[in-house]
Amino acid sequence: MEFFNTDELDTDKLVAQATDMGLTIIAAILVLIIGLWLAGVVERRLNAMFKRSDKIDATVSTFLASLAKYVVIIFTGIALLDQFGIETTSLVAVLGAAGLAIGLALQGTLSNLAAGVMLLIFRPFKVGQFVEVGGHAGTVKGISLFLTKLDTGDNVRITIPNNSVWGSSIRNFNHHDTRRLQIVYGIGYGDDIDKAMAIIKSCIEADERCMKDPEPVIAVTSLGESSVDIMVRVWCASGDYWALNWHLLKTVKERFDADGVSIPYPCRTIYQGE
């Protein structure tokens with residue numbers, strides 16, 4: 001009677017198992033190498049693509065490229081676990097639930113992050129520009145993914161969460177190269193209006209900061225309680241706005257005084273009954 005050689009069967013089984021394990025390990029190594037290579041390629045390609053665009057800030061381009069890289073690495077890790085027969089469906093569900101919980105816990109921080117990305121992509125203002133945002137006005141000193149930093153005119157640093165910046169109206173005083181300056185001068189009812197307007201025009205023409213195109217506007221806008229109001233609109237470079245404003249206020253007042261044009265004080269006539 002013949003019997004099976006159990007030692008030979010065990011050896012064949014071990015060889016088969018070792019072969020399967022070796023093939024699995026080789027496949028896992030290949031998946032790892034390809035996944036890491038692909039992650040690097042995705043990051044480099046995205047960085048190169050973002051650099052060709054002037055609308056995307058370097059900070060947000062680096063962040064998005066790194067985010068894409070790590071997404072590829074995560075999927076590579078899931079594929080590796082699948083190679084070793086580990087059930088990944090439940091793992092993905094657990095990771096999704098954990099991500100949801102973390103997102104709810106950090107919703108304020110994530111909203112600031114999302115707002116920071118939007119600010120860096122759409123660029124409603126840049127570093128060095130003077131803006132009014134979130135109830136604050138100042139020169140932009142920094143824009144990060146979470147915070148925007150302003151310095152006020154008296155050199156006070158204001159740090160604003162990006163969610164508050166993106167969720168409010170933004171006034172950018174340096175977005176355009178030119179601005180329109182508007183000043184209202186009041187003269188007495190007994191003064192010569194044409195003379196006053198000629199004085200204002202000569203002051204404007206004498207200052208090179210006042211642009212000739214668009215043409216300055218000088219017009220009577222209202223008859224006030226104690227003065228005739230003359231409005232002046234003149235265009236200038238954005239950087240000259242305040243200096244020109246102060247200069248015109250001073251020079252026109254001095255010319256009015258020299259040429260006998262009065263700037264009246266508010267007055268009331270009181271009648272006393274018998």
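Residues are numbered from 1 along each chain as its sequence is written, and side-chain values use heavy atoms, with hydrogens and water left out. Because the model is predicted, local features need pLDDT of at least 70 and side-chain atom pairs count only at pLDDT 80 or more, whereas totals for chains, interfaces and linings use all residues.

The largest nonpolar core holds 21 residues, a nonpolar core being a set of buried Ala, Val, Leu, Ile, Met, Phe, Trp, Tyr and Cys residues joined through side-chain atoms within 4.5 Å; buried means under 20% relative accessible area, exposed over 50%, and partly exposed in between, with a 1.4 Å probe and protein chains only. Leu181, Tyr185, Ile187, Ile200, Ile204, Leu248 and Phe256 touch the most other members of this core, and the elements that contribute two or more residues to the core are β6, α6 (193–206), β8 (228–237) and α7. Helices (H or I, at least four residues) and strands (E, at least two) are DSSP runs, numbered from the N terminus. Leu248 is in contact (heavy atoms within 4.5 Å) with Leu181, Ile183, Tyr185, Cys203, Ile204, Cys210 and Val234, when residues up to four places away in sequence are not counted. A second, separate core comprises 14 residues, among them Val131, Val133, Val140 and Leu145.

Five aromatic pairs are found when rings of Phe, Tyr and Trp (its six-membered ring) are paired if their centres lie within 6.5 Å, with planes under 30 degrees apart counted as stacked, over 60 as edge-to-face and the rest as tilted. Phe130 and Phe173 form a tilted pair, with 5.6 Å from centre to centre and 55° between the planes. Phe130 lies in strand β1 (residues 130–133) and Phe173 in the loop between β5 (170–172) and β6 (178–187), so this pair ties together parts that are 43 residues apart in sequence. Phe130 is partly exposed, at 31% relative accessibility, whereas Phe173 is buried, at 18%. Elsewhere, Tyr241, Trp242 and Trp246 form one aromatic cluster.

Most residues other than glycine have a negative phi, and most peptide bonds are trans. The peptide bond from Asp213 to Pro214, however, is cis, with omega near 5°, and Pro214 is located in the loop between α6 and β7 (217–223). Arg123, in the loop between α4 (107–122) and β1, has a positive phi near 50° and is partly exposed, with a relative accessible area of 24%. Asn155, in the loop between β3 (147–151) and β4 (157–161), likewise has a positive phi, of about 65°, and is exposed, with a relative accessible area of 63%.
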